[in-house]
Amino acid sequence: MGSFGMLAKRALLTDTPVMVQIQELMRGVKDYVSLAQGVVYWQPPKQALEKVQQLVWEPVISRYGADEGLPELREALLKKLQQENNLHRSSVMVTAGANQAFVNIVLTLCDAGDSVVMFAPYYFNSYMSFQMTGVTDILVGPGDPKTLHPDADWLERTLKDTKPTPKLVTVVNPGNPSGTYIPQPLLQRISDLCRDAGCWLVVDNTYEYFMYDGLKHVCLEADHIVNIFSFSKAYGMMGWRVGYVSDVMFDKNFKCFGQEKSSLCFCFA
Ligand SMILES: Cc1ncc(COP(=O)(O)O)c(C=O)c1O
């Protein structure tokens, strides 16, 4: 008996996205405000829209691009990473959004049996990315009940007590759905704990520009840190699917990342 028609267990065991669950709840309901999805109300910058109008006729736009992204874009992003994010040793690779970046990072860094760490309340898509790539040993740490910041004391205990050591810890900064910013000393402590335990720290900076009360967003740079960014929110480019990853060990580790990426998706950016 063949298995035509049967789905992979990985796919079956992956959660339904919360957006789909909320859409079902909203069906037939009037006068609601959905806070389910981070969709901004503004249009992309005028210059981007005008440039696309010109570029769309260029044959090169419809061809396969470089796996790492257009050299001109990568150069501009490197400048941005240095000037705005204080990341001076990192290289950059363009992806089809921050979500693709996260899946590729998991595929590049994790094996199916590895354990990984995230914090409640977590970004549902990261959880699903682990599930759909077969990384099912997902340790979810608590957030502080008042600030919703990741509990670094729990992380310290968990990294010490879990054998083998978790492969990767991920945080979103500022958080989705918490909205809270992880202050630099706490981010630094989380980073130091990861470094000392020998595990990767993946920081999703999709909301880097969504800072309030005079706070300034900060990124950290170290061999064990991978930073993710997105064009979707700040520039209202959700459907354009442009994000990027920066990493110090790019040339060493991210050759594999490029292979994973090119076999999964080509991105025109
Ligand atoms: C924390 C976080 N990361 C990534 C994304 C998706 O980014 P992108 O559109 O670049 O894939 C979202 C979108 O809601 C998000 O909230």
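Strand 1 (residues 91-95) is largely enclosed by the rest of this predicted structure, because five of its five residues are buried. Here "buried" stands for under 20% relative accessible area. In a regular strand, side chains alternate between the two faces of the sheet. Along strand 1, Ser-91, Met-93 and Thr-95 point one way, while Val-92 and Val-94 point the other way, and all of them are buried.

What does strand 1 pair with? Its partner is strand 7 (residues 243-247), and the two run in the antiparallel sense over five bridges. Within this pairing, Val-92 stands opposite Ser-246 of strand 7.

Now for the ligand. There are 13 residues around the ligand, and Asn-176, Asp-204, Tyr-207, Ser-230 and Ser-232 come nearest. By type, the shell divides into four nonpolar, six polar and three charged residues. Which helix gives the most to this shell? That is helix 5 (residues 97-109), with three residues.

| Residue | Protein atom | Distance to a ligand oxygen atom |
|---|---|---|
| Asn-99 | polar backbone atom | 2.9 Å |
| Tyr-207 | polar side-chain atom | 2.6 Å |
| Ser-232 | N or O atom in the side chain | 2.6 Å |

Taken alone, the ligand exposes 400 Å², and the protein buries 95% of that.

Methods. Residues numbered from 1 in each chain as written. Predicted model: local features only at pLDDT ≥ 70, side-chain atom pairs only at ≥ 80, totals over all residues. Heavy atoms only, no water. Buried < 20%, exposed > 50% of the residue type's maximum accessible area, 1.4 Å probe, protein only. Helix = DSSP H or I, 4+ residues; strand = E, 2+ residues; numbered from the N terminus. Pairing = 2+ DSSP bridges. Near = heavy atom within 4 Å. Polar contact = N/O pair within 3.5 Å; in protein donor to acceptor, adjacent residues only side chain to side chain. Areas by Shrake-Rupley, 256 points an atom, 1.4 Å probe, with all protein chains shown as cover. Nonpolar A, V, L, I, M, F, W, Y, C, P; charged D, E, K, R; others polar.
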